[in-house]
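Welcome, and please open your viewer.

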Amino acid sequence: MPVDGAKRTATRNPIDAFIHVQLAAHQLSASPAADRVTLIRRLYLVLLGLPPSPAELATFVGDRKPGAFERLVERALADPRYGERWGRHWLDVIRFAESNGFETNRERPNAWRFRDYVIAAFNDDKPYDQFIREQIAGDTLGAAVGTGFLVGGPVDIVKSPDPVLTAQQRADELDDMVNTTGTAFLGLTLGCARCHSHKFDPISHREYYALTALFAGVQHGERAQPLPTPQQARLQALEARIRERETQLARFLLPPPTATNAPRPAVDFLRNDDRFPPVAAKFVRFTIRATTGGEPGLDELEVWAGDHNVALATTGTKVTASGTLPGYEIHRLQHLNDGRLGNDHSWISSEPGRGWVQLELAQTERVERLTWGRDREGRFKDRLATDYLIEVATEPGQWREVASSAGRKPFSGAPQPAPKPVYYFEHFSATDAAEGRQRLAELQSLRQERDSVAKPTLLYAGTFTQPAATHRLHRGDPMQKRERVAPGTLGLFQPRQLAPETPEPDRRAQLADWLASPENPLTARVIVNRLWQHHFGVGLVDTPSDFGRNGSKPTHPELLDWLARELVEPTVNPGPGPVQPWSLKHLHRLILTSATWRQANTPRPDALKVDAASRLLWRFPPRRLEAEAIRDSILTVSGNLDSTPGGPSFFLHEVDRENVYHYHPKEVFSPAEARRMVYAFKVRMEQDGIFGAFDCPDGSLVMPRRNLSTTPLQALNLFNSRFMLQQAEILAARLQREAGPNPAAQVQHAWQLAFNRKPARAEAKEAVAFTRTHGLAALCRAVLNANEFLFIP
Amino acid sequence: MSQPAASLQGPLTNRRRFFADTSIGLGAIALTHLLSRQGLLGASVSGQEPIRPLIPPGQPYAPRPAHFAPRAKNVLLIFCSGGCSQLDTFDYKPELIRRHGQPLPGTEKIITFQGEQGALNRSPWAFRPRGQCGKMISDLVPHLGALADDLCFIHSMKGKTNTHGPGENYMSTGYTLDGFPSLGAWATYALGSADQSLPAYVAIPDPRGKPQNSVNNWAPGFLPAAFQGTEFNATTPIRNLARPPAFTAEHDQATRSFLRRLNERHAEQFPGDSQLAARIASYELAARMQLTIPELADLSSEPAHILRLYGADEGGSKTNELRAAYARNCILARRLVEQGVRFVQLFNGAYQTGGEGVSNWDGHKDLLNQYSLHGPVLDRPTAGLLIDLKQRGLLDDTLVVWCTEFGRMPTFQKGSQGRDHNPNGFTCWLAGAGVKKGFSHGSTDEFGYQSVEQIVTVHDLHATILHLLGLDHERLTYYHNGIERRLTDVEGDVVKNILS
């Protein structure tokens, strides 16, 4: 029997040879090829996460020329639904979600751009080595959004003056980055080495902190995407034309009124200017005597000598202060003159309502203006200085007042519109005035265009700063710093030891190179194993993110090596076009066109006795679909799926946006929620009310392999939820529309849509009788709950 | 649900070949070299084999044997969300009263969650001796105080974090980070349940809403979803439990029967497939739950004296109404315990809404007024629950645990009338199966600031709870992402001193 079986089954490519060796060693044989209906249904569910339509099925079944399956594979690999399915697998591995987690759990409104990037990377078959590099250091490679990987994990935004808590939070953030990187790319558990040298893998306590140093400059947060070069050029051209118009219009402006008694505008949260006659200064002091509330805050203090800001730390200016609010990385005194605006780089005084800052310039300068603000990004409206004094000195202590809040309108809290220039066209000749008005109209439209071109696209992709020294932490305790540790990679292979002062982006770029190196013994094996897992349900190594000592042995080590090598240096080409190194679609082609993948799924008692889990692949092992694929399949079959790709997420929850965010699963759904579930806002902790129960991970931890558990709550959700009843009604309406009023035809069509097959005669008879008694929607409710519908055959 | 093969201690010969055979990596040699250099080849994982319970796919809640004879069959855990002050309830500190208004020595160096400290502040509530044992307990919780002879206090709890989210995670899952399985999930994963028509693990949120770190408190983490706490309380039923109102029971049953026939016909092609059988069984269990749970949650059969015992019968004021709502949750908890539900987690206090300390125990600014609501709401219903469990003989098999995410400072915050977070010392208590009665373990310093004697970490508490359930916390494991995970991470000692 085993011998016959082996003869019956073709060996279509080297994969089959590796599989057959193991089968033979266990006196097992492969199964015959599955029928075409099973093949296309399996292919669609595995590769696209949705069942095929009757039309797609008919095309494949009707293609009688040789190579029909290969052509089907090519169509499926080119289908953009592939990226939506396999991108989701990757997002599991890297714990991606769109909220911060912990009790505040606030949204990251633009994190979806990273999700779209991942989907596009799969669809475009971005070489995997490049995909790695961009996720670690995309900012250095023109792929800014890629670094969304680094900050895809949870972050505790509840900040406190408690230095222990603050240090612990930062250590947790870095640990998340180190761990996720180790898991995702190397299949290694690095977290253990946070407290001690790894017990099972060659990762020392010190190496862990060397890795930490590679990420030490990465902070959670949004970053503006650099403008693409053509857009930058356009912006420059627009600016030039704006300046030209402004020059042309200058003559229509009357000279500014001299020394009036009109009060100056009130202080503004965004930006304030204090001008005074030019004066020599070596020291500048800004003293705050009252605020709109709380300790005063300044995001940046600029001191102008002509058009030079002489306050910048980079010009050698030193800064001191009355005191700084302790415990906040984002409110350090150094932020006062670091050239970066906004609350995240601001100084806040340690005393409520008062405080001073003092600048010592590198040399004595003739200064004439100060620019300052609370938050020039406009997010924070508090802590604004309302009563202040500006003094200068050339010698220490010999202060001279040059400006103050006196003479400003009192602060009322209302935003102050910037005064607009007034053009006195009526003072000019009709011809001149007409020309002036024309120029002004042009100027306004140019400015509008400029603003829209310059509007930055924000990415939740982290911010980067040159980090302070990294130290080994005794027992992982951030309060027990030990020796300094320079950035470096693992000693696993060709270790890279970097200098302690290596610039921030270089650290990550070096790590990216090391991870993506064809010489790295783990990288290629780990990813091909993940691909294998999502084809067959279980990887060749069934611990997909643990290739370390603690993980399982591969069932087919030689096959794993061969696949890894095919990824890096392809030798076989089953597809129509050329093969690039690191092409994941190449691996898919190899796997999909193997006889192993195309086997029937029928269990055989003799084989079950030897290998109940079908790990040796004597058949294709069927398995339950995951949460997203179940929901997407239901919407597909009901005809309700909105296949719009990409863009901002839709919500499966109602959100209460208090200080702490609350997410309540929706009970009633509108067409806006009929898109694929990969586009649903991925919130940490709170699951979708229906499909979350199907072992859907929430992005709190990496989830390289989902559980496929079976629970009564799943049954309740699928049988009773309003969503499911609604979908059953919609499917019933579709059946009536497409198959007419005859229940027999409706049943036939329902089976085609949901199961891609005709019902057996007895089955059809029973279904028709059921429909006549209980209605078509009841039939649909049962069909959408059926095992056959929820399993990959 | 399959697990990695039991090859964890397997020799590395295959692995070595796995790396050595490669033609793409020189590094393979380096790895094996490093392994051997560090003496790791052939090292064993730990002294003892992990115990991973086998979960039958069709019956995830089937009862499973404990590791050794258990003292408790089930657990009722009462969680006060927000950080309940030990100093205003159970941790009596005469020195705090004596030194009221003076600075806490060393305060100038202490920066707590919200910043600087004011002076030491005695509790606004007087303490007096309670029960035969004479335990000093405050007037904030007199009904619980009256049960002092049944309670087993741990005054020397120590946490790891002073923020709520991580604090609740730590108490409920053993980790400060999100994403780890909860204590109840571990217990039901290990033991299954006695009753097959009810969920094995029920979480009862406060009438005002979920706790601060929400469903993380009863999450399955990386354990199979079957072991998550099923969430409902006396006012909010299980989502999607009820038969859709448009359908009659007959219609529903006919649809279920038709579905079953569909599934059975499909399963004929896959004889012996346990996953398919499990899904068929899950619809049967769901149907049973549809009958049993509404019956269980219907408190109308409770007699008047029971409602009175819990304080579920009084309205007329905000306090009374909230207390009655919490009391109904307490009665529900008793009914679940009575039915043999393995793990019941009852919450007092909800997420923050309307400001700090309004909806939970987070009394930063206005301790007196806020606790004047929270104390009475907790006190009588919880005491009623204990009395009722005892009079029904349920305390013989049930372990009751009262806990919170951390304690509070003996000082008032600078410029405020309340206490800041304090994970350095706080109180939990246990009662019922397997623990001493009228007993106190460990202590904080003279002001109640830091645990100093017989310190008990949250890992120790968890180890003790598992021990009482007959489980070895070092051996109960689940493999996830490269690590043989435990509830207690790599820590935890059973607190033997409190065992009866």
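Two strands pair if DSSP finds at least two bridges between them. Helices (H or I, at least four residues) and strands (E, at least two) are DSSP runs, numbered from the N terminus.

Before you click, note that this is a predicted model, in which local features need pLDDT of at least 70 and side-chain atom pairs count only at pLDDT 80 or more, while totals for chains, interfaces and linings use all residues. Residues are numbered from 1 along each chain as its sequence is written, and chains are lettered from A and ligands numbered from 1 in the order in which they are written.

**Stop 1: a set of paired strands**

Select residues 272-291 of chain A, strand E3, and then residues 355-373, strand E9; the two run antiparallel and are joined by 13 bridges. Which residue of E9(A) is the bridge partner of A:Ile288? The partner is A:Gly355. In E10(A), A:Ile288 stands opposite A:Tyr388.

**Stop 2: the whole of chain A**

Zoom out to chain A, whose C-alpha atoms fill a box of roughly 105 × 70 × 50 Å along the principal axes. Its secondary structure comes to 24 helices and 19 strands. A residue is buried if 20 or more other C-beta atoms lie within 10 Å of its own, exposed if 12 or fewer, and partly exposed in between, with C-beta atoms placed from the backbone. Of the 793 residues in chain A, 49% are buried.

**Stop 3: domains**

Colour chain A by domain, with bounds that come from an automatic or database domain assignment: domain 1 (2-79 + 523-621), domain 2 (127-222 + 461-515), domain 3 (229-253 + 423-454), domain 4 (272-404) and domain 5 (627-792). The centres of domain 1 and domain 2 of chain A, taken over C-alpha atoms, are separated by 36 Å. Their contact (C-beta atoms, placed from the backbone, within 7 Å) takes 16 residues from domain 1 and twelve residues from domain 2. Helix H14 (residues 523-536) of chain A gives the largest share of the domain 1 side, three residues.

**Stop 4: helix H2**

Select residues 14-25 of chain A, helix H2. At 1.5 Å a residue, its twelve residues should span 16 Å, and its end C-alpha atoms are 17 Å apart, which agrees; the expected span is 1.5 Å times one less than the number of residues. Among the buried residues of H2(A) are A:Phe18, A:Ile19 and A:Leu23. After H2(A) comes A:Gln27, with a positive phi near 55°.

**Stop 5: A:Leu446**

Next, find A:Leu446 in helix H12 (residues 430-454) of chain A. Is A:Leu446 buried or exposed? A:Leu446 is buried, because 20 other C-beta atoms lie within 10 Å. Not counting residues up to four places away in sequence, A:Leu446 touches A:Leu238, A:Arg241, A:Ile242 and A:Arg245.

**Stop 6: where the chains meet**

Finally, show both chains: 90 residues of chain A are in contact with 88 residues of chain B. On the chain A side, the largest share, eight residues, comes from helix H19, which covers residues 712-720. That side divides into 40 nonpolar, 29 polar and 21 charged residues (Ala, Val, Leu, Ile, Met, Phe, Trp, Tyr, Cys and Pro count as nonpolar, Asp, Glu, Lys and Arg as charged, and the others, Gly among them, as polar). The predictor gives the complex an ipTM of 0.82 and a pTM of 0.81.

Key. Contact = placed C-beta atoms within 7 Å.
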